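Hello,

Here is the structure we talked about, with the sequence alongside. My notes on what turned up follow below it.

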Amino acid sequence: MNKWIINYGISIVMLLLMAGAAVLMETMELRTKVVVEILCVENGTYLAYIDRSTAPTFVKGDRLTTETQENQPLHFLVKQVQQEPSFVRLRLMPCNVTAVKQTMNGNSKQTSYYYTGRTKLRKLIFK
């Protein structure tokens, strides 16, 4: 019995670990996000800048919901979309003005995240 464990024990443990890692890679998903820089330019009007290479497609009338670094949501209505060489610029109108002002804490610039979807852990590892 001891010879069998010595000969095959490590191999069996390694196979079980590899099978567990494969199951984790296939079942776990991560949310993908893009950085959105939100600027208050006029009273009640905001601009959002998103890197053009990672920006999803927006049209006038879309609703943009972002999350701040403190996981507080910001809800906006897209009023205008403008393509720039490196960024997509969105002119925004907040859905709830007081909530946006409270979340921004009187600052005129806020970094937040727009979640674009999910990706499997397997894709990230074998990219």
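L64 touches F58, L74, H75, F76, V78, L90, L92 and Y114, once residues up to four places away in sequence are set aside. Please keep in mind that this is a predicted model.

L64 also belongs to the largest nonpolar core, which has 17 residues. Along with L64, the residues with the most contacts inside that core are I38, Y46, F76, L90 and L92. Two or more residues of the core come from each of strand 1 (29-42), strand 2 (45-51), strand 4 (73-83), strand 5 (87-94) and helix 2.

Helix 2 covers residues 97-104. Its buried residues are V100, T103 and M104. Viewed down the helix axis, these fall within an arc of 95 degrees, so they line one face of helix 2. As background, an α-helix has 3.6 residues a turn, so residues three or four places apart point the same way. The exposed residues T98 and Q102 sit on the face of helix 2 turned away from the buried side. What do the buried residues of helix 2 pack against? They pack against strand 1, strand 2, strand 3 (63-68), strand 4, strand 5 and strand 6.

T103 can be looked at on its own. Its relative accessible area is 10%, and T103 counts as buried because that value is under the 20% cut-off. Apart from neighbours within four places in sequence, T103 is in contact with T68, Q72, P73, L74 and Q110. Just after helix 2, N105 takes a positive phi of about 55 degrees.

Y115 lies in strand 6, residues 109-120. Is Y115 buried, partly exposed or exposed? With a relative accessible area of 27%, Y115 is partly exposed. Neighbours within four places in sequence aside, Y115 is in contact with R31, T32, K33 and E67. Y115 and E67 are 48 residues apart in sequence, while their C-alpha atoms are 8.4 Å apart in space.

Last, helix 1. It runs over residues 2-27, has 26 residues and reaches 36 Å from its first C-alpha to its last. That span is close to the 38 Å expected at 1.5 Å a residue. Helix 1 also bends by about 45 degrees at Y8.

Regards

Note on methods
Residues numbered from 1 in each chain as written. Predicted model: local features only at pLDDT ≥ 70, side-chain atom pairs only at ≥ 80, totals over all residues. Heavy atoms only, no water. Helix = DSSP H or I, 4+ residues; strand = E, 2+ residues; numbered from the N terminus. Buried < 20%, exposed > 50% of the residue type's maximum accessible area, 1.4 Å probe, protein only. Contact = heavy atoms within 4.5 Å. Core = buried A, V, L, I, M, F, W, Y, C linked by side-chain atoms within 4.5 Å. Arc of directions from axis to C-beta. Expected span 1.5 Å × (residues − 1). Bend = angle between axes of the 7 residues up to and from the residue.
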